[in-house]
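Please look through the structure shown below.

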Amino acid sequence: MTASVLRVEKEIGGRILSLETGKIARQADGAVVVRYADTVVLVTAQSAPAREGIDWFPLFVDYREKFQAAGKIPGGRFYKREGRPTLKETLTMRMIDRPIRPLFPDGYKDEVQVIAWVFSADGENDPDTLSMIGATAALCTSSIPFETPLGVVRVGRVNGEFVLNPTTSQLDESDIDLVLAANGDDVVMIEADASEVSEADMHAAIQFGRRGAKDVRELVASLRDQRAAVKQQVAEDETTPKVADFVRSGFSSKIAAALDTRGKAERSLALGSLREEAGQAAVEQGLIQDPPDVRGGFDEVMKDIVRARIAQGSRSDGRAPGELRPINCEVGILPRTHGSAIFTRGETQVVATVTLGTGMDEEMVEGLIEDFSRTFMLHYNFPPFSVGEVKPVRGPSRRDIGHGALAEKAIKRVIPQEEAFPYTIRVVSDVTESNGSSSMATVCGATLSLMDAGVSILRPVAGISIGLISHEGTDVLLTDIQGEEDHYGDMDFKVAGTQNGITAVQLDIKVAGLKDEIISSALDQGREARLSILRGMLSVIDRPRPALSVYAPKLVQIKINPEKIGMVIGSGGKVVRKLQEETGTTIELEDDGTVTISGTDAEGIEKAKQTVLSITEEPEVGKIYTGRVRGIKDFGAFIEILPGTEGLLHISELSEEYVAKVTDHVRMGDEVTVKCIDVDDNGKIRLSRKAALKEEKKADG
């Protein structure tokens, strides 16, 4: 509590980035306030002693956007507090976690919690990257054994020029949105979506971001060096190396043979049996007390064997490093969904479905800066049976949300504009088998199901994951990694896109950083695999179906004069309610005059459309109308030619002959054929019966 206040700052991307510690949250192990322009984030780091028997690193990250930061009160009539994490908050938690997790020391099992709170939001500088910077700064200035400062930046490209830390308004014009974390010259994490940019352009964006991240890293390092916190000592694990030596000497050849077993389930059974055998033997040797305690040493030996074999060109399923697993695609598999597909790649399989809805099905999102609606959603579900496990199912996990969001990024750039396809689109990807990169299988399955649904996507999208094994000076890039290659490998580089370019990238690593040449090669290898997958997909369905499913809602949109919306609604909504009941449709009206009519019966939709058009039709000079007399004066009659629209039929326009009294020719309630001869600037309408009679005579010949 007596620590002095330290502050460092530097101009980054044309704005001042400042880091301050020692003033707020002084009882936290590490606490840093990050400010960039008028966006301010507090990030804390705290540790607690490891729980008994834990064999994994419990890192917990929480990010929350406080509505007062933007001068807003949370919505909801009866509850005015922030609730469960939003989609944006959950995705930011994952972005904070991914670059820092691999940089903790091996064997460290203490509980660590990183909390980021947005204190001020200026609407132009996204707090997500600031929270990532704050996380590495808070950890570096704490007693937690984390000493690697990271630089984090966002990269955009506006009018062909790269922009460092673009504002939200600049991102609206950008064809790239890339978040990058770097450890000096080496990249640690990438998250990006793009408008079909080339591999060369994406690589250039990464290089640009890596250079910009150096300045941020130097700022974090400066704060760390000035604070000079005393770091916790990580207890040395003496048991695991001894167990690993024991397993290596007695079971290496058996493990290698088990790894040659084809099929994930069979391989897992063979390795599980070996693990039990090794555990019993280790207990008899007095190395451990219980057979399950062999897991750490056994896993270390497995890792060494898998990595050495791959470095020598041998994968467990016999594939070459750049080879894809067999791919199978099916569409139209479910009878009542609006679109459906199965995509299978090796032992990874997804069932993807599409549901089409109307504007009433849009998702309304209460944002920190502004509320918005989503008309395209992709949801991902990963049930335990997909990997042969039994677990309670309690709603979507952070992983489910993150994988769904990645696949959504990959596809959203090819979804048609609302003007061309005014439907709300929901894609659901249910993973039914998993052995590596179900998120990229989701991209492929979603694309197939969208085409099966008749959604006019710009181009098909496919995705693939590229792995890396760095072993004794050899780097091997692996196309289409399966589970064990992901678990024991150094990289999971997911790349999705069309035949024209990249739409999404996600990079996670388990090493301190990646060299530029590996990133470049991975992008190129990903493109080759992506094009191969697309060829397989297009052999099953090469373009969106020409018509929507018969079970999809029929939908038409028309534009009316916004001033006439009230006429369609009617007093207390009577007109629109009656029309919906009569036609079996749903009618939605927007402030700009857009009217959306949807339903299952095409005839009912057409009737509703024509009724709305007639209610809101504007009078047209020269057009013949059949109207009804609504008022009579000495100088003429008022004729309702359209619902709620009347014009004056002057006495001089009643007939070619002399007219003494208006009532000699028309009476209240009479139907009269008239021609519109003028609409003045004030909207007053002049009608002529004699002009209409002339038109009739001409038509009769």
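**Salt bridges, cysteines and patches**

Across the whole structure, a search finds 51 salt bridges, a salt bridge being a side-chain nitrogen of Lys or Arg within 4 Å of a carboxyl oxygen of Asp or Glu. This is a predicted model, in which local features need pLDDT of at least 70 and side-chain atom pairs count only at pLDDT 80 or more, while totals for chains, interfaces and linings use all residues. Residues are numbered from 1 along each chain as its sequence is written, and side-chain values use heavy atoms, with hydrogens and water left out.

One of the salt bridges joins Asp177 and Arg154, whose closest N and O atoms are 2.8 Å apart. This pair links distant parts of the chain, with Asp177 in strand β9 (residues 176–183) and Arg154 in strand β7 (residues 151–158), 23 residues apart. Helices (H or I, at least four residues) and strands (E, at least two) are DSSP runs, numbered from the N terminus. Arg154 has a relative accessible area of 8% and is therefore buried. Here buried means under 20% relative accessible area, exposed means over 50%, and partly exposed lies in between (1.4 Å probe, protein chains only).

Another salt bridge is formed by the side chains of Glu484 and Arg267, at 3.2 Å from N to O. Glu484 is in helix α10 (residues 483–488) and Arg267 in helix α6 (residues 264–284), so this pair ties together parts that are 217 residues apart in sequence. Glu484 and Arg267 are both buried.

Asp480 and Arg345 also form a salt bridge, with 2.8 Å between the closest N and O atoms. Asp480 sits in the loop between β19 (474–479) and α10, and Arg345 in strand β12 (residues 339–345); the pair links distant parts of the chain, 135 residues apart. Both Asp480 and Arg345 are buried. Through salt bridges that share partners, Asp480 and Arg345 belong to one network with Asp317, Arg319 and Arg325.

The cysteines come next. A disulfide is a covalent bond between the sulfur atoms of two cysteines. How many disulfides does a search of the whole structure find? The search finds 0, with a disulfide taken as a pair of cysteine sulfur atoms within 2.5 Å. For Cys329, the closest cysteine sulfur is that of Cys444, 7.4 Å away, which is too far for a bond. Cys329 is buried, with a relative accessible area of 10%. Cys140, at 2% relative accessibility, is buried as well.

A further buried residue is Ile100, with a relative accessible area of 1%. Ile100 lies in helix α1 (residues 87–100). Its C-alpha atom is separated by 15 Å from that of Ala221, 121 residues apart along the chain.

On the surface, Ile24, Trp117 and Phe119 form a nonpolar patch with about 250 Å² of accessible area together. Patches are made of residues with over 30% relative accessible area and no salt bridge, joining like charges within 9 Å and nonpolar side chains (Val, Leu, Ile, Met, Phe, Trp, Tyr) within 5 Å. Accessible areas come from the Shrake-Rupley method with a 1.4 Å probe, and for residues only the protein chains shown count as cover. Trp117 belongs to strand β6 (residues 111–120) and is partly exposed, at 34% relative accessible area.

Glu236, Asp237, Glu238 and Glu300 form a negative surface patch. Lys and Arg count as positive and Asp and Glu as negative, with His and the chain ends not counted; the place of a charge is taken as NZ of Lys, CZ of Arg, CG of Asp or CD of Glu. Glu238 is in the loop between α4 (199–227) and α5 (239–259). With a relative accessible area of 55%, Glu238 is exposed.
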